[in-house]
Amino acid sequence: MECAAKGGRRRCSGPANRRCGGCGAVFYCSASHQISHWTVHKEECGRLKRQMCGVELLNDFPFTFSREATYQVCEKVETRCSFLDNMGIHQVGFWICECSCGASITFLDNFRSDKCWRLSSKLCPCRGIILKFSDHVASNQLHHLLKASIHNAGPLSILKNQLYSWNDYYEWRGIPLDSPVAVLLHWPLTIYQAIQVATEKQLIPTTTDELCIHYLGPEKELYQLAVFGELHALLPGVQVHIDFVGPAVPPDRDGETTTLYSYARCVETDCSCKSGKGEFSSHTTPDKSSTITIRLHSGCYHDRYRELTKEFLPDLIIAPNAGVAAYKSWLPTIELIREIEIPAIFSDYCEEACHLAANCISSMTDTPPMIPVQLNPFRQPLAVEDSVLLLPCYSNCFLFGI
């Protein structure tokens with residue numbers, strides 16, 4: 001842990017092992033640093049104490065590996081690398097982006113193969129879909145789903161309630177709770193949750209056959225694009241266009257369009273998931289017949305927006321792990337979002353980050369968040385290492401929207 005007063009007038013005197021007795025969420029290197037920082041910390045101490053009361057809820061996942069991936073990573077008994085190694089997926093396929101020793105690897109051409117998931121068919125959601133409908137699903141969507149199921153030779157079972165948890169998702173897809181796929185699938189499941197939240201607030205239509213999403217600030221997702229193929233199952237019968245926009249998009253990939261044709265691919269050569277088209281392909285122009293199309297755009301959203309909307313306007317803006325309060329570059333983007341009046345949903349690693357971001361946006365727009373800060377049931381079930389606060393941090397942990 002870092003000293004909460006780090007960066008102040010005086011240098012830290014040693015390791016930060018003095019814990020705040022009020023909130024228990026921050027540490028200091030010395031009593032003098034703690035005293036000098038109180039004028040800043042007193043405004044957040046009570047709020048952090050309340051958030052610390054929710055630690056057990058944050059760490060509550062249904063998986064067989066939950067303790068290793070949550071408490072033990074937070075307590076440094078495990079690392080993200082050792083957890084992935086224990087699961088047999090360290091430094092392979094998409095998983096290479098999920099540990100600290102692989103974070104700098106950005107040349108992953110081998111990800112355009114069927115071995116990116118490196119999982120058996122038992123652990124991988126590769127064999128078609130078990131359909132989950134709300135009561136209002138149109139008959140043409142059912143037709144599309146039946147065709148998809150036949151193509152993938154997978155089971156078909158219609159369920160009528162939406163997904164509310166990882167347990168719901170795993171049961172729906174017929175995956176055992178020892179499968180680590182949630183570590184990757186939190187990306188498309190967070191999109192799914194954002195859509196559900198926006199729909200409940202009547203910010204986007206309840207039923208649609210086409211959806212355009214502007215997805216801001218992608219980073220490691222750029223090297224895990226195929227995981228978004230699960231949107232085939234999550235948004236049946238819907239043409240989904242996603243524009244990834246952010247400075248982390250390499251200039252040489254600007255304008256790249258990827259068409260996703262299938263769900264995950266397991267490692268077994270005789271699995272039915274190997275039939276039909278490949279997992280994805282790249283084009284210079286979108287394939288209008290595709291269900292899931294992702295386009296990449298390098299640069300900040302406020303600089304690229306006019307160009308992006310020449311074809312069609314977005315229905316929803318999603319900004320994962322945004323860090324709005326931490327980066328001034330968000331200011332012109334927030335101003336733009338206020339101007340265009342498109343619903344936007346943000347996520348961050350912990351409740352405090354979302355709270356600070358929501359306050360920052362409210363001060364700029366003079367309007368409180370339309371969607372209050374709330375826990376994302378589809379947050380990544382693998383804790384972030386070495387967070388500034390003692391609060392457990394997870395990718396896409398909390399959501400809020402404007």
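At 26% relative accessibility, Lys220 is classed as partly exposed in this predicted model. The side chain of Lys220 forms a salt bridge with that of Glu98, with an N to O distance of 3.3 Å. The two partners lie in distant parts of the chain, 122 residues apart. Glu98 belongs to the loop between helix H5 (80-86) and helix H6 (139-152), whereas Lys220 belongs to the loop between E3 and helix H9 (231-234). Glu98 has a relative accessible area of 1%. Because buried means under 20% relative accessible area, Glu98 is counted as buried. Glu98 and Lys220 are also joined with Arg80 in a network of salt bridges.

In total, 13 salt bridges are counted. One of the pairs consists of Lys6 and Glu2, whose side chains meet at 3.5 Å, N to O. Lys6 has a relative accessible area of 54% and is exposed, while Glu2, at 43%, is partly exposed. A further salt bridge joins the side chains of Arg306 and Glu339, at 3.1 Å, N to O. This pair, too, links distant parts of the chain: Arg306 is located in helix H10 and Glu339 in helix H11, 33 residues apart. Both Arg306 and Glu339 are exposed.

The protein chain as a whole contains 12 helices and 11 strands. Of its 402 residues, 53% are buried. Among the contacts with a separation of 6 or more, 73% are between residues 24 or more positions apart. The accessible surface of the chain is about 18000 Å², and carbon and sulfur atoms account for 52% of this area.

The largest nonpolar core comprises 103 residues. Within this core, the residues that touch the most other members are Trp117, Trp166, Phe228 and Phe346. Helix H8 (residues 182-200) makes the greatest contribution to the core, with 12 residues. Another core lies apart from this one and has 16 residues, including Cys23, Phe27, Leu48 and Met52.

In helix H7 (residues 166-173), the buried residues are Trp166, Tyr169, Tyr170, Trp172 and Arg173. Viewed down the axis of H7, these residues fall within an arc of 160 degrees, and they therefore line one face of the helix. The buried residues of H7 pack against H8 and H9. Trp166, one of the buried residues of H7, is also one of the residues with the most contacts to other members of the largest nonpolar core.

Helix H11 covers residues 330-340, and its buried residues are Trp330, Thr333, Ile334, Leu336, Ile337 and Ile340. These residues are placed on the same side of H11 because they cover an arc of only 160 degrees around the axis. H11 is followed by Glu341, whose phi is positive, near 60 degrees.

How values were computed: Residues are numbered from 1 along each chain as its sequence is written. This is a predicted model: local features need pLDDT of at least 70, side-chain atom pairs count only at pLDDT 80 or more; totals for chains, interfaces and linings use all residues. Side-chain values use heavy atoms; hydrogens and water are left out. Buried means under 20% relative accessible area, exposed over 50%, partly exposed in between (1.4 Å probe, protein chains only). Helices (H or I, at least four residues) and strands (E, at least two) are DSSP runs, numbered from the N terminus. The arc is that of the directions from the helix axis to the C-beta atoms. A nonpolar core is a set of buried Ala, Val, Leu, Ile, Met, Phe, Trp, Tyr and Cys residues joined through side-chain atoms within 4.5 Å. Contact means heavy atoms within 4.5 Å. Accessible areas come from the Shrake-Rupley method with a 1.4 Å probe; for residues, only the protein chains shown count as cover. A salt bridge is a side-chain nitrogen of Lys or Arg within 4 Å of a carboxyl oxygen of Asp or Glu.
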